[in-house]
Amino acid sequence: MNLHRLVVVSKDPRVLRLAQRYGREVFGADDLADALQIVQTVNPDMILCDHQTNPSNIRKFLKGADKNVADIPVVVVGSDDVDSGLSAELSQAGVHGYLRGSQDYDQMERIIDGIESKSGMAGWNSGEGQIQSGLGREEDADRFFAENLAGAVSMVGKSSATLNALKMTKLVAGSRCNPILIVGETGTGKELVAKAVHTLRHPNEQFVAVNCAALTATLLESELFGHVRGAFTGADRDKTGLLELAGSGTILLDEISEMPVDLQAKLLRVLQERNFRKVGGTRNIACNATILASSNRNLKNEVEANRFRRDLYYRLNIGPIVLAPLRSSERRDDIKLLAEYFLKTSTICPEKRNKVTSLTKLAVENLERHDWPGNVRELRNVIERAILLETSDKIGLSGIVIDPTECAEASKSPTAGLIKGFSLAKAERELISRALKETGWQKTRAAALLGITRATLYAKVKQYNIEKESAAAKDRPADILVSSVPEAASC
Ligand SMILES: Nc1ncnc2c1ncn2[C@@H]1O[C@H](COP(=O)(O)OP(=O)(O)OP(=O)(O)O)[C@@H](O)[C@H]1O
Ligand SMILES: [Mg+2]
């Protein structure tokens, strides 16, 4: 049972974990004012606050907000040490639910059940509006997912390639295999699988991720291992690395092929010894985390080209999870299902929700003919573009614009002018740059403004090569990507 979107106002790791457990997409807010901004953008199913949020501020928040916001249930998690007399005050303030402290955490399911039945939402996909055409939640889950593992493995698809990947995901997650390698072309769902492994193996622990391509060698090393004060110029205080922050949870080393060779040797040592030292440190720190490494390059070729250490490759390649490209004959069967899933769950045009409900046979055939170099991500974008452009209830052949610029050039039809010069990619790049600028490159805020997850924002910044105007983007330390659950319908 999961809500689709959840906004959490708390810095307490236990409350954050609770949010991650019950929300498929989790947005963090500093306070209620911050939450309001996020709420207006992402339209969540619940706001979760901790006991630090003053009841009178909650009352003001609910009273001052417009009806749509005031209808979003607010749930407060108390502290184990705080007097539970707070409950009456909170209920007067209009909160929907109150958990006294950690002893009440399991009451969350009951609260979510109540929210779902009140709004008629279907649990696995509740944030995306009501399930259409009278389908019940189990029927929907059965239709899109190979097995009813919703909430943990939200991988749509029933092709033989997806079934194999799912089988492997469950096998390695249930074993003690560590490290775990996830390979596949861009957009095939590696991050989705990484989060699935995490959720299946230790859902209540921390998930952190670092993109090895996004940082200079020095920064990446200090990001991973941490450093002690004085280790190098500018190290004015101790820093905890991601390997330590991951604790007994998961660390995802995204784009491992881009890791500098020197650092590859240090990583190999961590994998063998299960401990490491901070940069400049002398104390060994135990590494208990599950280490996931993902790559969209063929690592074997990288080894042959001397860009990737052979010993590290063999160490990683124990039980690899391989995601096939959409165009492969073993995965082509997923195209229709994925297209229908994105059609059903997209939030790109809320006013068209439940109105554009299906694809014509010709449209599906057209989708199945394309090669999808950007894989599932590209397919999702095409469907969202089709929803944007569609004026009827059915997406037909003309609604499938795979590359808007190309189509505008090639088409000689009188309607070509409508899309000539229009590039969704250009518009998207522009919008992302603006959001980043407006938020001073605070990625969580920018992602919330755009209504996408941080992971998607990272991917887009990379895809469009967007750089901060002043300082070089490479010299910024990576944000910790505190996991929510697999993103499904962000644009
Ligand atoms: N099987 C799937 N079912 C539903 N959504 C999917 C599936 N596979 C991928 N997606 C969606 O497609 C997008 C791209 O997936 P993801 O970020 O996991 O790809 P990736 O392999 O990590 O790509 P990259 O190498 O570019 O980082 C995401 O929005 C993800 O939720
Ligand atoms: Mg990725």
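Predicted model: local features only at pLDDT ≥ 70, side-chain atom pairs only at ≥ 80, totals over all residues.
Local features need pLDDT of at least 70, side-chain atom pairs count only at pLDDT 80 or more, and totals for chains, interfaces and linings use all residues. Residues are numbered from 1 along each chain as its sequence is written, while chains are lettered from A and ligands numbered from 1 in the order in which they are written.

One open sheet has five strands in the order E2-E1-E3-E4-E5, with parallel pairing. Strands here (E, at least two residues) and helices (H or I, at least four) are DSSP runs, numbered from the N terminus; two strands pair if DSSP finds at least two bridges between them. Strand E2 (23-29) and strand E5 (97-99) each have a single partner strand, so they stand at the edges and one side of each is left without a neighbour in the sheet. On average, neighbouring strands of this sheet are turned by 25° against each other, direction ignored.

Within this sheet, strand E1 (residues 3-9) pairs with E2 in the parallel sense over six bridges. Val 9 has Ala 29 in E2 as its bridge partner. Helix H1 (residues 13-22) lies across E1, E2, strand E3 (46-50) and strand E4 (74-77), and runs at about 165° to E1. Axes are lines fitted to C-alpha atoms, for helices over the stretch in contact, and angles run from 0 to 180 degrees between N-to-C directions.

A further open sheet has five strands in the order E7-E10-E13-E6-E14, and its pairing is parallel. Its edges are strand E7 (207-211) and strand E14 (321-323); each has a single partner strand, so one side of each is left without a neighbour in the sheet. From one strand to the next, the twist averages 15°. Strand E10 (residues 250-254) and strand E13 (residues 290-295) run parallel and are joined by four bridges. Ile 251 stands opposite Ile 291 in E13.

The helix pair consists of H20 (residues 424-438) and H21 (residues 443-450), which pack at an angle of about 135° with their axes 8 Å apart. H20 and H21 are therefore oblique to each other, where angles under 35 degrees count as roughly parallel, over 145 as roughly antiparallel, 65 to 115 as roughly perpendicular and the rest as oblique. H20 contributes Leu 431, Ile 432, Ala 435 and Leu 436 to the contact, and H21 contributes Ala 446, Leu 449 and Leu 450; residues are in contact if their C-beta atoms, placed from the backbone, lie within 7 Å.

Terms used
Contact = placed C-beta atoms within 7 Å.
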